[in-house]
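My notes follow in the order in which I looked.

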Amino acid sequence: MGTTNYHRTGSRWVRWLAALSVVVFLIIVAFGGMLASNYKHLGTLLEVIHLVRTRYLEPVSATTLIDGAIRGLVKSLNDPYSVYLDPGEYARLQEQIRGSFGGLGILVGIKEEHLTVVRSYQGTPAYRAGIKQGDVIIRIDDRDARGMDLDTAVSMMRGPAGTKVKLTIARKGVPQPWDVNLVREEISVPTVEGKMIPGKGIGYISLTQFTEKTPEELEATISRLKKEGMRAVLLDLRNNPGGELRSAVKVASYFIPRGPVVYIQYRSGREETYSSEGKNLNLPLVVLINRASASAAEILAGAVKDTRAGILVGEKTFGKGIVQTVFDLDNGAGLKLTTARYLTPSRHDIHKKGITPDVVVEQEPQAEVDLQLERAIEILESEMARAA
């Protein structure tokens, strides 16, 4: 049995308890019966705060305790997509949405619970350091990345240009992990890349994520490819983790006819409809998807499939059919909270189910030949021949 020490705290604790009691009283007034019916738990909360403030080995600020309580509250939802973001993390999320930030130049995702590199952008610190698609990041600045939520991981890797970060990388076929020391740079990664497939008349367009800049970048890319003779579109959404909802809806307008793109359903029963503006290119379309196509990418893929605007080729998508709203908090922090689910134009709920492609083509990550791309080109050539 261990040793237990008891100690009287004096007037400082009395003042702290009085102030905290006022706060708790105001919370009870605000939330009424919900907290009043759990008064015993509130008493336990006060007791824990008292013990931490008076007995913990190191002094702890009230701000730290409150932040911890907020994080614990959100974590208790058991929803990996609902996250409390402190002011620094929130600022980095806003940079991500705008599409420009201080970072390393890699796109990451969660694969089998591991933080995995989806893409390393040419000319960036990560690319120059030799980080490749499929590499697993096991530590960020000596913090274990296993089980870390994606937002936290991204926020840790981003930061002011010129600052340093250390990644510990594991790679299949390499016996031991190794450390990579990187210096963050100002990153403005285009989310749309386009080129003509030589001799085919097919415009290849890759969307890596959805930011505020994506619709504008897509319009410029389409305009350029049209001038180069584009007669069909191969849209690549593989490894696209999603992004901004309104951006995905604007992008969908180029590929599906006028009408619903997605339905958003809220807890209250209220429903919103986001619709295509009808800029449809009216060209043969094939969309590539895989297991890492998620969220906003699934909104676009689902709209294409349900409206029969194109053919989906590849693998079943990730299956994230819920919507997060980001709320500004008074202290400069933010709360990303799951507030709704989305349904495809045919009202399919794809959460934890994914979208099954029209043509299933499995692809090994390290394979030399892109079987999915080859099959998509075959289908488009057939569609073009039929239309001729």
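I began with methionine 196 and listed its contacts, leaving aside neighbours within four places in sequence: Gly201, Ile202, Gly203, Leu225, Glu228, Gly229 and Met230, where contact means heavy atoms within 4.5 Å. For glutamate 228, which is 32 residues away along the chain, I noted a C-alpha separation of 7.4 Å from methionine 196. Methionine 196 has its place in strand β10, and I took helices (H or I, at least four residues) and strands (E, at least two) as DSSP runs numbered from the N terminus.

I kept in mind that this is a predicted model, in which local features need pLDDT of at least 70 and side-chain atom pairs count only at pLDDT 80 or more, while totals for chains, interfaces and linings use all residues. Residues are numbered from 1 along each chain as its sequence is written, and side-chain values use heavy atoms, with hydrogens and water left out.

Next I followed the sheet, and found six strands in an open arrangement with mixed pairing, in the order β10-β11-β12-β15-β16-β19; two strands pair if DSSP finds at least two bridges between them. Because β10 (192-197) and β19 each have a single partner strand, they stand at the edges, and one side of each is left without a neighbour in the sheet.

I then went through the parallel pairs. Strand β12 (residues 232-236) is joined to β15 by four bridges, and valine 233 has leucine 285 as its bridge partner in β15. Strand β15 (residues 285-289) pairs in the parallel sense with β16 (residues 311-314), again over four bridges, with leucine 288 facing valine 313 as bridge partner. Valine 313 also has a bridge partner in β19, namely valine 359, and two bridges join β16 to this parallel strand (residues 359-360).

Which helix makes a β-α-β unit with β15 and β16? I found α10 (residues 296-307), and the unit is right-handed, meaning that with the strands pointing away from the viewer the path from the first strand over the helix to the second runs clockwise. Helix α11 (residues 371-387) lies across the strands β10, β11 (202-207), β12, β15, β16 and β19, and runs at about 165 degrees to β15; axes are lines fitted to C-alpha atoms, for helices over the stretch in contact, and angles run from 0 to 180 degrees between N-to-C directions.

Last, I looked up a hairpin formed by β17 and β18, with five residues between the strands, and noted that glycine 332 in the turn has a positive phi of about 90 degrees. Strand β17 (residues 322-328) pairs with β18 (residues 334-343) in the antiparallel sense over seven bridges, and threonine 325 has leucine 337 as its bridge partner in β18.
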